[in-house]
Amino acid sequence: MNLPEIRLVKNWLKEGYQRNPGPWVKHSKYVANAAKIIASKIESLDGNQAYIMGLIHDIGRVAGIAEERHTIDGYNFLKKKGYEKLARICITHCFPKKNIEANIGIWDCSENELEFIETFLENCEYNDYDRLIQLCDCISMEDKYVLIEKRLIDVVLRYNLKNRVPLGIPLLEKWQKYLEIKDYFSNMIGESIYNLLPNVIENTFGKIKSD
Ligand SMILES: [Fe+2]
C-alpha cells in the first residue's frame, strides 16, 4: 500500500489543528501508538502501517467542525493527496457494524455522500487493519487509554442526545461488536490488549488503594 511518510502525516495534523483546534489531534496520536503496539505483536500486521492509519483516521476534521461528515471528508482528503487505498480507514473506523444508523453523530453530509458511504461499506471487506483502528479508536481518549466500556459511555454522554433519533438496538449492536473485536485481538496475541497499554486500570477506575 502506498503510504505517506510519518513526517508528512504529522504536518497534515499540525495544519489540521490550526484550522480546527480540538482534542482530535492528540487522540489520533494515542490511537496511532496503540495500533503500533498491538500490531507489533501480530506477525501479519505492519506496525508502521498501523501507526500511520491511526494518525490519519480522523484527518477529515481538517475540514472544520463536523460530526459524521468527518468520515467522508477524510476519505476525500486522502484520495485527493493520492492515497486512495489508505483513505478507506477514514470511513471504516466509524463502523465496526456496517450500519450508519448506529452512529451517534448527525449525518451532516449531503444525501449523495451518505449514499456513497453506504455503498462503500457494503462493498468493503474489512481486514485486520480496519478492525485494529476501530478498536484503538475506542480505547483512546485524548490523553490516555481506558477500558472500552468507559470510552463508549463517554462518547454517548458527550453528545447532546436531545432531538436525536433514538439509537437503541443499532447502538448496542455496535458496542457488542467493539467488545468482540477487543476479544479477537486479545485472543490473537494471547493476552489482554489492555496489558500492552500503559495505565489502563488507573485511567479507568482512578487511583486504587493498595496495601
Ligand atoms: Fe477517532
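**Leu197**

I looked up Leu197 first. Leu197 is buried, because its relative accessible area is 6% and the cut-off for buried is under 20%. I note that the model is predicted. I placed Leu197 in the loop between helix 9 and helix 10, the latter spanning 200-205. Next I listed its contacts, leaving aside neighbours within four places in sequence. Leu197 is in contact with Ala34, Ile37, Ile139 and Tyr145.

**Iron site**

Which residues coordinate the iron ion? I found His27 and His57, each through NE2, and Asp58 and Asp137, each through OD. The distances run from 2.2 to 2.4 Å. I wrote the sequence spacing of the donor residues as H-x29-H-D-x78-D. The pair His57 and Asp137 links distant parts of the chain, 80 residues apart. His57 sits in the loop between helix 3 (47-56) and helix 4 (69-80). Asp137 belongs to helix 7, residues 128-137. I checked burial for this pair: both His57 and Asp137 are buried.

Why is the arrangement around the iron ion irregular? I looked at the angles subtended by the 4 donor atoms, and they span 76 to 176 degrees. Tetrahedral would need all angles between 85 and 135 degrees, so this range rules that label out.

**Ser28**

I moved on to Ser28, which lies in helix 2, residues 24-39. Is Ser28 buried or exposed? Ser28 is buried, because its relative accessible area is 0%. I then looked for a polar partner of its side chain. A polar atom of the Ser28 side chain lies 2.7 Å from the backbone oxygen of Trp24. Not counting residues up to four places away in sequence, Ser28 touches Gly54, Leu55, His57 and Asp58.

**Largest pocket**

Which helix gives the most to the lining? Helix 8 does, with 5 residues. I put helix 8 at 148-158 and helix 9 at 168-189. Helix 2, helix 8 and helix 9 each supply at least two lining residues. Helix 2 is also where I had placed Ser28.

Technical notes:
Residues are numbered from 1 along each chain as its sequence is written. This is a predicted model: local features need pLDDT of at least 70, side-chain atom pairs count only at pLDDT 80 or more; totals for chains, interfaces and linings use all residues. Side-chain values use heavy atoms; hydrogens and water are left out. Donors are N, O and S atoms within 2.8 Å of the metal (3.2 Å for Na, K and Ca); water is not among the atoms, so sites may look incomplete. Four donors count as tetrahedral if all angles lie between 85 and 135 degrees; four count as square planar and six as octahedral if opposite donors are over 155 degrees apart and all others between 65 and 115; anything else is irregular. Helices (H or I, at least four residues) and strands (E, at least two) are DSSP runs, numbered from the N terminus. Buried means under 20% relative accessible area, exposed over 50%, partly exposed in between (1.4 Å probe, protein chains only). A polar contact is a pair of N or O atoms within 3.5 Å; within protein, one must be able to donate a hydrogen and the other to accept it, and residues adjacent in sequence count only if both atoms are side-chain atoms. Contact means heavy atoms within 4.5 Å.
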